[in-house]
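Subject: Structure handover and notes

Dear colleague,

Please find the structure below, together with my notes on what turned up in it.

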Amino acid sequence: RRLHSLWFTSGARGFAVGAEGLFRVTEDGGLSWGEVTLPSGMSDVEWSAISFNPSGAGWAVGSAGKVVRTIDEGNAWTDVSIGSNSLWQDLYVSSSTRAWVVGPGGRVYQTSTGGATWGENSRWT
């Protein structure tokens, strides 16, 4: 499976996301990788990007409008998907409640509520 994004929260702990639902965690600097438990309906997502902020809040984005969020350094993930079928391509995380996602056609959505609500921020054309 294709790998699309990596993020390490420390020298040992990191996450990898990619095609066909690839979502893995390492606790040993990448020597071995294990499955991450995600909410139901996420097994076939094409994950595009993953990012964390220094406080341990992390987000990942992918196909079919899927977005997941963690507030505990990746131990538990919550579905905070946007009501859209877009393939989200990248993201920026500033806190456990605030994030921006980028999709096709210059679509930018943001949340300041931890993903409970999303608003279209701007459209680049």
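**Salt bridges**

Glu-46 and Arg-2 bring their side chains together in a salt bridge, with 2.8 Å from N to O; the term stands for a side-chain nitrogen of Lys or Arg within 4 Å of a carboxyl oxygen of Asp or Glu. Because Glu-46 sits in the loop between strand 4 (34-35) and strand 5, while Arg-2 belongs to the segment before strand 1 (3-8), this pair ties together parts that are 44 residues apart in sequence. Strands (E, at least two residues) and helices (H or I, at least four residues) are DSSP runs, numbered from the N terminus.

Before going further, please note that this is a predicted model, in which local features need pLDDT of at least 70 and side-chain atom pairs count only at pLDDT 80 or more, whereas totals for chains, interfaces and linings use all residues. Residues are numbered from 1 along each chain as its sequence is written, and side-chain values use heavy atoms, with hydrogens and water left out.

The structure holds three salt bridges. Another of them joins the side chains of Glu-27 and Arg-13, at 2.1 Å from N to O. Glu-27 is partly exposed, with a relative accessible area of 49%, whereas Arg-13 is buried, with 12%.

There is also a salt bridge between the side chains of Glu-35 and Arg-24, at 2.9 Å from N to O. Glu-35 belongs to strand 4 and Arg-24 to strand 3, and they are 11 residues apart. Glu-35 counts as exposed at 58% relative accessibility, while Arg-24 counts as buried at 13%.

**Aromatic pairs**

How many aromatic pairs does a search of the whole structure find? It finds nine, where rings of Phe, Tyr and Trp (its six-membered ring) pair if their centres lie within 6.5 Å, and planes under 30 degrees apart count as stacked, over 60 as edge-to-face and the rest as tilted. One of these pairs is formed by Phe-52 and Trp-77, which are edge-to-face, with 6.0 Å from centre to centre and 80° between the planes. Phe-52 is in strand 5 (residues 47-52) and Trp-77 in the loop between strand 7 (67-70) and strand 8 (78-79), so that the pair links parts of the chain 25 residues apart. Both Phe-52 and Trp-77 are buried. Together with Phe-15, Phe-23 and Trp-47, they form one aromatic cluster.

An open sheet of four strands has the order 5-6-7-8, with antiparallel pairing; two strands pair if DSSP finds at least two bridges between them. Strand 5 and strand 8 are the edge strands, each pairing on one side only. Strand 5 and strand 6 (residues 58-62) run antiparallel and are joined by five bridges, and Trp-47 stands opposite Gly-62 in strand 6.

Best wishes

Notes:
Buried < 20%, exposed > 50% of the residue type's maximum accessible area, 1.4 Å probe, protein only.
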